[in-house]
Amino acid sequence: MAEFEDAAAGVVAELSGELNEDRTTEVMTVNIGPHHPATHGVLRLVVDLEGEIVRDLRPVIGYVHTGIEKSCEDKSYWKVIPFVERMDYVSYFFQMQAYCGAVEQLVGLEIPPRAKYLRTLFLELNRIHSHLVWLGTTALDLGAISMLWYCFRERDRILDLFEMATGQRMHTRYFQVGGVIEDIPVGFEEKCRSFAEDMPVRVGQYEALLDRNEVFLQRTKGVGIVDRERLLDLGVSGPLLRAAGEPWDLRKATPYLAYPELEFKIPVGTVGDNYDRYRVRVAEMVESSKIVAQCLDALPEGPHIADDRKYVLPPRSELATSMESLIHHFKLVTEGFRVPAGEIYNAIECPRGELGCYVLADGSSKPARVHFRDPSFVNLQSFREMAMDSYVADMICSLGMLDPILGGVDR
Amino acid sequence: MPDAPGLELIRGEIERDHPGAVRATSFDREQAALVVDPEQVLAVLTWLRETPGQGYRFLSSLHVADYLPAQPRFGVHYELLNRDRCERIRVKAMLSDPSAGGEGEGPRTDAPARPQDPPPRQDPRAELPSIDSCVELFPTAEFQEREAFDFFGIEFRGHPDMTRILLPEDYVGWPQRRDFPVGGEPVAFTYNERNYG
């Protein structure tokens, strides 16, 4: 028997080196993804590991690149809207607002006050929706499985509201150049108000589940810190930057839509670790539900879309009676409207940071270039520094807290 | 945004430190832009970033637009942001296409090729328009310059890793250029043919 054990030990030693040798100093390159539930999309990470410590990291992207920016150059202006929605597939209203806002600035179209409020309302509902998807999936990465069900329960209420107003649960194509396509239906206001009242309570319940959870606290506190100056150099914006103590939000800094008339606060963190990132986003959900309620209270009467027939479709009822409306309708649907030559960079605050849309018009009815400065794409550059010299498990946590949407990264 | 007179003041001050760096200014739809000499783009960006009273320290976006058929055709845009005053300014560097021949400013010699010479083995990048990389100044430009290289074939001199980022490494061509066809993959409808002749 002893002989056998000796032989077995010899074989093991031969296969894996000396048994008492310290094998943690060897650097090993490991591939994670592109298909992996913890990468929140199709992201591939090439990680250099020393034992369990991340020593270097390289994100490899482009797996869901679909050439949307190129396709946009072949579509008339109004047909671009559903294309750009599909870049960042969790915050579609924001892509629409960035693009429609840019085109409105190019043609010099003022949108009516009711459209401003409706847009603000849907943007903030979308912000809550996006943060709910983030919270559910990130908490799932950390082992808090029940959070996913609770977050998606509330998310479904938002999707129901989207469906009620627009007919679609995702990719709604609700914003038009000049306003929104339809007014909100009867009963929407009541449903939306009850949601806005419930949401802060629900957020309190999430916090009760996570904030006193020792596992969650130990996994997030003090992890993934990158200092504020470095984040600014890396172009990071949004909740990541605010968690590091920089109160920068385009809703306050460069007022657009109805934001200057609404009261809300910008939550800011202190150290900029993963816990602060979580706190900032959760607090933002509460602030957003306040904005939703205020929008409903202050919703002005009037038209929901501008009255400029050169850019906006005439109402359906007029088509049967007015020849001129029919001509406008035909022109808009076949050729689309022409936009005077010029270029615009329009930036708004998306749930992930600064979402910029650059549109170059050459005077024809199709844009010569549509470019999106996607916050996920830019923020991803900070991931290497967040994950450096931390455990693999903390790297997964940092990636979740970074909240990249790979559809937006790859476009 | 600096207003139109403010933009001219900025131009005058840059002109004092870097003569000839700013070629033109434009103020269109409340957006201010400086069109600069591509050779001096780093000097202008550094000036806008470091000069007290300017402080455009945040590079929001770096992207390229193809102005074909205008010459020079490529515009590299730097969207700078001053977060204290919430002001944006766009710096534009116009690059011509060296491979276009004739109308461009490219270094193309007209010496006739001698037949006994082997065909010149050209580095495919020699024909690309190029500009200095601003990664040292704005680390955020790293991904965005790679994206510009990927889609427009503009080389950023001094970039640490000038490779394709979104497209596959072996992709041929620069798809966001205006003379690149939209195209697509042909769909072969073989099912009906096979089953129903």
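**Figure 1. Contacts across the sequence of chain A.** Take the contacts in chain A between residues at least 6 apart in sequence: 69% of them join residues at least 24 apart. This is a predicted model, and its chain A has 411 residues, with buried residues making up 48% of them. The secondary structure of chain A comes to 18 helices and ten strands. Along the principal axes, the C-alpha trace of chain A spans about 100 × 45 × 40 Å.

**Figure 2. Helices H6 and H7 of chain A, packed together.** Here H6(A), residues 145–166, packs against H7(A), residues 188–210, with the axes 11 Å apart and an angle of about 165°. An angle over 145° counts as roughly antiparallel, so that's the label H6(A) and H7(A) get. Their crossing is left-handed. On the H6(A) side, the contact is made by A:Met147, A:Tyr150, A:Glu154, A:Arg157, A:Leu161, A:Met164 and A:Ala165. H7(A) answers with A:Phe188, A:Lys191, A:Cys192, A:Phe195, A:Met199, A:Arg202, A:Tyr206 and A:Leu209. Sort the residues of this H6(A)–H7(A) contact by class and you get eleven nonpolar, four charged and no polar ones.

Figure 3. The axes of H4(A), residues 92–107, and H5(A), residues 113–141, come within 8 Å and cross at roughly 140°. From H4(A), A:Phe93, A:Phe94 and A:Gln97 meet A:Arg119, A:Phe122, A:Leu123 and A:Asn126 of H5(A). By class, the contact of H4(A) with H5(A) has four nonpolar residues, two polar and one charged.

**Figure 4. A:Asp410 and its neighbours.** A:Asp410 sits in helix H18 of chain A, which covers residues 406–410. It counts as buried because it has 23 C-beta neighbours inside 10 Å. Leaving out residues up to four places away in sequence, A:Asp410 touches A:Ile61, A:Gly62, A:Tyr63, A:Val64 and A:His65, plus B:Leu166 from the other chain. A:Met87 is 323 residues from A:Asp410 in sequence, yet their C-alpha atoms are 7.9 Å apart in space.

**Figure 5. Two residues of chain A with positive phi.** Most residues other than glycine have a negative phi. A:His171 has phi near 50°, a positive value, and belongs to the loop between H6 and strand S6 (175–176) of chain A. A:His171 is partly exposed, because 17 other C-beta atoms lie within 10 Å. A:Asp403 isn't a glycine either, but its phi is positive at about 55°. The loop between helix H17 (392–402) and H18 of chain A is where A:Asp403 is found. With 26 other C-beta atoms within 10 Å, A:Asp403 is buried.

**Figure 6. Cis peptide bonds in a loop of chain B.** Most peptide bonds are trans. The bond joining B:Leu68 and B:Pro69 is cis, with omega about 5°, and B:Pro69 is in the loop between S3 and strand S4 (74–82) of chain B. B:Gln71 to B:Pro72 is a cis bond as well, with omega near -10°. B:Pro72 lies in the loop between S3 and S4 of chain B.

**Figure 7. Where chain B touches chain A.** Across this interface, 24 residues of chain B are in contact with 31 residues of chain A. On the chain B side, the elements giving two or more residues are strand S3 (58–66) and helix H3 (141–152). S3(B) gives the most, with seven residues. By class, the chain B side that touches chain A has eleven nonpolar, six polar and seven charged residues.

Technical notes. Residues are numbered from 1 along each chain as its sequence is written. Chains are lettered from A and ligands numbered from 1 in the order in which they are written. This is a predicted model: local features need pLDDT of at least 70, side-chain atom pairs count only at pLDDT 80 or more; totals for chains, interfaces and linings use all residues. Two residues are in contact if their C-beta atoms, placed from the backbone, lie within 7 Å. Helices (H or I, at least four residues) and strands (E, at least two) are DSSP runs, numbered from the N terminus. Ala, Val, Leu, Ile, Met, Phe, Trp, Tyr, Cys and Pro count as nonpolar, Asp, Glu, Lys and Arg as charged, and the others, Gly among them, as polar. A residue is buried if 20 or more other C-beta atoms lie within 10 Å of its own, exposed if 12 or fewer, and partly exposed in between; C-beta atoms are placed from the backbone. Axes are lines fitted to C-alpha atoms, for helices over the stretch in contact, and angles run from 0 to 180 degrees between N-to-C directions. Angles under 35 degrees count as roughly parallel, over 145 as roughly antiparallel, 65 to 115 as roughly perpendicular and the rest as oblique. A crossing is left-handed if the near helix is turned anticlockwise from the far one by less than a right angle, and right-handed if clockwise.
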